[in-house]
Amino acid sequence: MLFAKTLEHIQQQLAQDSYVGVQLYISLKGDVLLDTALGQATPTTPMQQDTVMLWFSSGKPITAVAVAKQYERNLLDLDDKVSLFIPEFAQHNKADITIRHLLTHTGGFLREWHWQNYLNQPWQDIIKMICQAPLESNWHVGEDAGYHPASSWFVLGEIIRRVDGRDYARFVREEIFEPLGMTNCWLGILPETDILSLDLGTMYNTSRELPAPYPHAVFDSQAALEWCNPGERARGPIRELAILYECLLAQGKHAGHSFLQPDTVQTLTTAHSHSIRDKTIGQAVDWGLGFAINSPASSDYRYFGESFSPSTFGHGGYQSSLAFADPEVGLTVALLLNGTRPGRRCHEIAQSIWQELFG
């Protein structure tokens, strides 16, 4: 049976309470090899392939694609300064920061904002606060790198909002999720949605002796579900996130139609910053535009592991999810664990998948 060892490993981890439920999708050159769900989505409901789960930072590439859509419409350029769209952003030495800097984590305003301090706060209050934040001390814009968990992604969303006019959550829903058939995906569930009709799963903290659901107000209240945080709050079935990666592997085509131009796909998924030691992660990371790129084999740190090609692109989400594509073999993997715990559990599963396919 294909992926028997991988599934056995997952079952062992479930038995050890490393996570409570799993969604796993694998395709090769567009052919689905595995689309499964295991364990529990909530204490009383089993995990299904279509259960709506929180992706954390695995959703960051959605915002990169949103920028790409506006770039293709000639409404912005990657090297435009942020202040061209948000004049108040320029204060406190941030005038030289460009859209490209935001997408490559080289902007330099990463530590002044954390979602836990402003949970479920109004969008405009958060934008105002980020604009008032100073540049990191001793930071050389475009030369220094440091993973921006949330701040730069709010700014990117605000640029799109000002260019387009729609709330950012609505823009993503109408311009990305719906055209790609990602119909159960959200970056802030829209107010007119019947939330009770959605198959929502629970996120657990599994770093303790027993799995513990995160507090309801943090992720599962109506306010939390509707709150748009572009860097950390995308949610949906992980199989639907794989649709985006399959589209990118197909040079921007989906269901026979052009969603992005091939040159745009290349721009998004090619490294723009090379071997700069990331001040947040503590390792040198190659960044495309919103996507992590697997570093060359000579690197001490490879985002997706040694088995995957240097052109592999994707993103992980806080201790619990990983989605990526390897263009050299045409592989797409999307994985969701509904329990957070430090370590490389997602990467271990990805490595097992590679071994069973190509080892």
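Tutor: The model is predicted, with local features needing pLDDT of at least 70 and side-chain atom pairs pLDDT 80 or more, whereas totals for chains, interfaces and linings use all residues. Numbering runs from 1 along each chain as its sequence is written, and side-chain values use heavy atoms, without hydrogens or water.

Arginine 235 lies in strand S7, residues 234–236; strands (E, at least two residues) and helices (H or I, at least four) are DSSP runs numbered from the N terminus. Arginine 235 is buried yet has no salt bridge, and the nearest side chain of opposite charge, aspartate 220, is 4.6 Å away. Buried means under 20% relative accessible area, exposed over 50% and partly exposed in between, with a 1.4 Å probe and protein chains only, while a salt bridge needs a side-chain nitrogen of Lys or Arg within 4 Å of a carboxyl oxygen of Asp or Glu. Lys and Arg count as positive, Asp and Glu as negative, and His and the chain ends are not counted. Beyond its neighbours within four places in sequence, arginine 235 has contacts that include Trp55, Trp186 and Phe219, contact being heavy atoms within 4.5 Å.

Further along, glutamine 251 lies in the loop between helix H9 (238–249) and strand S8 (253–254), and has a positive phi of about 60° although it is not a glycine.
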